[in-house]
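Please look through the structure below. The notes after it are grouped by topic.

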Amino acid sequence: MTEKRILYSSEILPEFDRKFFESDDIATVIGTGYLGGKASGLILMKEAVADSFKSDSKQVISVNIPRLIVLATDVFDAFMDQNNLYDMALSEAADDQIAHAFQEAKLPVDIVGDLMALISAVHSPLAIRSSSLLEDAIYEPFAGVYETKMIPNNQPDKDSRFRVLIEAVKFVYASTFAQNARQYFKALGRSLAEEKMAVIIQEVIGRPFGDLFYPHLSGVARSYNYYPTGRAKQEEGVVDLALGLGKTIVDGGLVWTYSPTYPRLAPVVGSTAELVKKTQTEFWAVNMGKPPEYDPIRETEYLIAAPLKRAEEDKTLGLLASTYRPQDDRLVTGTGPDGPRVMTFAPILADNIIPLNETIKALLKKSEAVVGSEVEIEFAVTLNTTGEITANLGFLQVRPMAVSKAEIMVLDEEMQGDKVLAASRKSLGNGVFNNIEDIVYVVPETFEAAHSRTIAHEIGLINQELTAEGRKYLLIGFGRWGSADPWLGIPVVWSQISGSSVIIEATLPKMNVELSQGSHFFHNLISFKICYIMVEHTGPGLIDWTWLESRPEKLRTQFVRHVCLEKPLTVKVDGRTGRGVILK
Amino acid sequence: MGNEKINPYKMAQAQFDKAADLLGLEPNVRELLRQPLREYQFVIPIRSVDGDVKVFKGFRVQHNDALGPCKGGIRFHPLETIDQIRALSMLMTWKCAVVDIPLGGAMGGVVCDPHTLSTKMQERLCRGWVRQMSKNIGPFTDIPEPDIMTNPQHMLWMLDEYEVLHGGRYPGAVTGKPVTVGGALGRTEATGFGVVYMLREALKKLKLKPKDTVASVQGFGNVAQHVIRLYEQLGGKVICVSCWNHHDRVAYSFRKEDGLEFKTLLSITDDFGEIDKDKARDIGCEVLPEDAWLEQEVDILIPAALEYQIAMNNVESINGRVKIIAEGANTPITDEAEAVINRMGILVIPDFISNSGGVICSYFEQVQSNSNHYWAKDEVFGKLDVKMTAAFINVCELAEKRGINLRDAAHLIGVARVAQACRERGWI
């Protein structure tokens, strides 16, 4: 296991100067506490990015870290103390109630002037991002637990912009105490009171296209691939790309996943027509137009999920998409012919019109060297298509990955026979577990995608009980765990399955989708050392449903069954081969 | 304690003359600006509950309204004089101009001791003052606000009388109202917090961090309390506070070398800002003579009580460690004492930028009241900070450019802006 934790105090950055935007500095801090994990990661990469990827006119792709202003953790402390918020925050109040209480509270008086000055100087969209003490630390995997809010920041009146900014800061603060975060702390056996939140205020990478603002593409790249397919190797990493804001990737939506060693290879699916169905159909953008309904406690208050058609109208698809030709069931690079557009990023990845893949590989390598472990990075890219094609890549985040390298052997003969409850050649994670006596599973006979939200709720309630008792369990369900689209799987959030130790993602004839490979909870699964096993009903993996059915039931809800075993299961997952087996 | 023979109006005029010299103002401009545009002196007969009629002397001086409607306080004080009111109205003109708010300067008052008047009498006095002035004040002419010994309740009575006389609702006619009836959030804290915004910028200029500094404060009223509160939040340590003791009729300085914590101090203080002497001893304070606050070995002195507290008789007792004096009160340093302070190399943040948070917030209240739309506290303090910091930076830049102190630079900016407005209006 590689260990790394990045955390800087405010002293590493220059104090915020109200003329910051007139200077060449790319980072500054308001306050005197810590910068939090996310901000620290970016600061760590600042010089490496500047040295290795000089943003001069000769580069086809210029790489930079968007300017950031960090509100250090002491600002959060002052906010909590001055408004006496801890009682409310640590109570059992609902997320909305906590968020409302935070909106009513006042920011520390000594920083509001800086925020007012900041907002007076910037008129482009801003991302208000969490950067907590424990976030992105290797053994405290809070990645993606806390909220980010994007704001258009285009109102002519600076007072309106200021109001929206401070609402967004309070929204991010409130997310520290949301149900989701609480479940993480419970799972870790830590106290929520330990957590402190810094906030990053950063310009959003993108361009205005009418009343929308978005980057041509966003991406997440990992230098270690837990589930390589075909010729790809784990050490070669994996990249997810999406049109528009990175929210599509973070939320586990449909994205384009490829190996940086084989950028031309499409994901393995049955047919081109099937591939078309499994690619992005809508994208996220910042709403720069008509003000939305006022709702400061909603993450997507100023975001819009737009259809691909809109991107075509904006002429942003030309270098990103392919076109499907149904007559011969194949894809043509680009948007020349008429037909359904498919987000394959082929002009860039296959035709290499800009060396994006090479840049990503170089960034991964550099980030690994700087961080000292396998890494996950996030970025966004805008393309300049007038004249020679060039691109600007904004480096948004780096976080160390926890990679288990213990050697576990799962032999072919172990994967067959009466003792096997489940077996698969598509498993994530690495290790042996002998402590699971509870199984929570979605009953295949009664499963219906139409009821997937109810199923998520039922699982959440059982999870709550098992977590309270400190019992780890095996979870089995159908379709993509954590899917934002309830028709593609069970739309749980992490807090609803946080107590699970092993998760099986299975298919059924009535839920026959491309499995998520754990992508929705990727970092968390791995950091919590949770094994993720994929079993397709078409084989070759298996689940012994008959045996499961015969186990005495502790609880039966409308769609979910909870059974307790007399003796614990043995779970073995070989991270190198992807083989996993659960023995009765 | 300071020199009581000073004529404040003459002192204000002398300061103006100095600025006028530096600016090379023409004689007619000087003549216009070194005296008020309008003065109102009147009497207010008030019938008491037992039928007696008492007659009070009232004032309103509107020094200059070239930049916008006049703005200034109303004081109730038994020793009030027309010269004091004139001086303060002039100071308000420069103060509004230097912090760049579109208002002119005014000041008013009544010669009375409100402690000896019943609540009913105070209400009648407020209403009587408005009856005398109602044609010459209003949301777009002259907007009163509280000052010494007047409070939000007094302002509300005044507004109510004004609205009765004018037949409508004019919430922007008076500021400093209770928050429940059109007052601005943040008004209570504004002056004190504003002093600290200036102090913070001055510390940056001297490359000092608040957490590495120690301060001594004169006064523990509203301004001083909010100064101490925010300074402490920034990491600074207050080791000495002086305040008036009503019973002994003398001021004391309370010192605690390892720091006076604001919350603890507040817990042993009454509603008038008077720290309980015995309880102070209980929490480990030394109780020292009134001027001891000035003699402390600290980096920062904050006079936030009354006028002329640092004068020739005590200026020499300032400790050599002091680097900054931030004036929370109006004119706490006499001209002669300031000359000595300048020679000591101490940076003085002059009153009319240092304590301008109050008038800026009053201006915010006027704007909010006129539009009948009220801002959140975050927004008020955000705007206040930006306005004050910008003013401080402007004043510092001019001071450095011309090799003068901050007070002269602030005067220069204020006077120049008003003179320019007079010229553009075609008055001169």
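Leu107(A) lies in the loop that joins helix H4 (95-104) to helix H5 (109-121) of chain A; helices (H or I, at least four residues) and strands (E, at least two) are DSSP runs, numbered from the N terminus. This is a predicted model, in which local features need pLDDT of at least 70 and side-chain atom pairs count only at pLDDT 80 or more, while totals for chains, interfaces and linings use all residues. Residues are numbered from 1 along each chain as its sequence is written, and chains are lettered from A and ligands numbered from 1 in the order in which they are written.

**Around Leu107(A)**

- Leu107(A) is buried, because 24 other C-beta atoms lie within 10 Å.
- A residue is called buried if 20 or more other C-beta atoms lie within 10 Å of its own, exposed if 12 or fewer, and partly exposed in between, with C-beta atoms placed from the backbone.
- Apart from neighbours within four places in sequence, Leu107(A) is in contact with Phe79(A), Val112(A), Ile166(A), Val169(A) and Asp378(B). Contact here means that the C-beta atoms of two residues, placed from the backbone, lie within 7 Å.
- Gln82(A) is 25 residues from Leu107(A) along the chain, and their C-alpha atoms are separated by 8.6 Å.

**Where chain B meets chain A**

- On chain B, 14 residues are in contact with 16 residues of chain A.
- Helix H6 (187-205), helix H7 (222-233) and helix H13 (377-402) of chain B each supply at least two residues of the side of chain B that touches chain A.
- Which helix gives the most to this side of chain B? H13(B) does, with 9 residues.
- The side of chain B that touches chain A has 6 nonpolar, 3 polar and 5 charged residues. Ala, Val, Leu, Ile, Met, Phe, Trp, Tyr, Cys and Pro count as nonpolar, Asp, Glu, Lys and Arg as charged, and the others, Gly among them, as polar.
- Val386(B) lies in helix H13 of chain B and is buried, because 23 other C-beta atoms are within 10 Å.
- Not counting residues up to four places away in sequence, Val386(B) touches Gly113(A), Met116(A) and Ala117(A).
- Val386(B) and Tyr197(B) are 189 residues apart in sequence, and their C-alpha atoms are 9.2 Å apart in space.

**Chain A as a whole**

- Chain A has 15 helices and 28 strands.
- For 584 residues, a compact globule would have a radius of gyration near 25 Å, and the 24 Å of chain A agrees with this. The radius is taken over C-alpha atoms, and the globule rule is 2.2 Å times the number of residues to the power 0.38.
- Along the principal axes, the C-alpha atoms of chain A fill a box of roughly 70 × 60 × 45 Å.
- Of the 584 residues of chain A, 54% count as buried.
- Among contacts in chain A between residues at least 6 apart in sequence, 73% join residues at least 24 apart.

**Confidence in chain A**

- The mean pLDDT of chain A is 87, and 92% of its residues reach 70 or more. pLDDT is the predictor's confidence in each residue, from 0 to 100.
- Within chain A, confidence is lowest in helix H14 (residues 522-527), at a mean of 61, and highest in strand S8 (residues 212-214), at 98.

**Two helices**

- Helix H1 (residues 36-52) of chain A has 17 residues and reaches 25 Å from its first C-alpha to its last, close to the 24 Å expected at 1.5 Å a residue. The expected span is 1.5 Å times one less than the number of residues.
- H1(A) has a kink of about 40 degrees, centred on Met45(A). The bend at a residue is the angle between axes fitted to the seven residues ending there and the seven starting there.
- The buried residues of H1(A) include Leu42(A), Ile43(A), Met45(A) and Val49(A).
- Helix H5 (residues 152-166) of chain B has 15 residues and should span 21 Å at 1.5 Å a residue; its end C-alpha atoms are 21 Å apart, which agrees.
- Among the buried residues of H5(B) are Met155(B), Leu159(B) and Tyr162(B).
- Helix H4 (119-133) and strand S5 (142-146) of chain B are included in what covers the buried residues of H5(B).

**Positive phi angles**

- Lys315(A) is not a glycine, yet has a positive phi of about 60 degrees. Lys315(A) counts as exposed, because it has 11 C-beta neighbours inside 10 Å.
- Asn372(B), also not a glycine, has a positive phi of about 55 degrees. Asn372(B) sits in the loop between helix H12 (357-371) and H13 of chain B.
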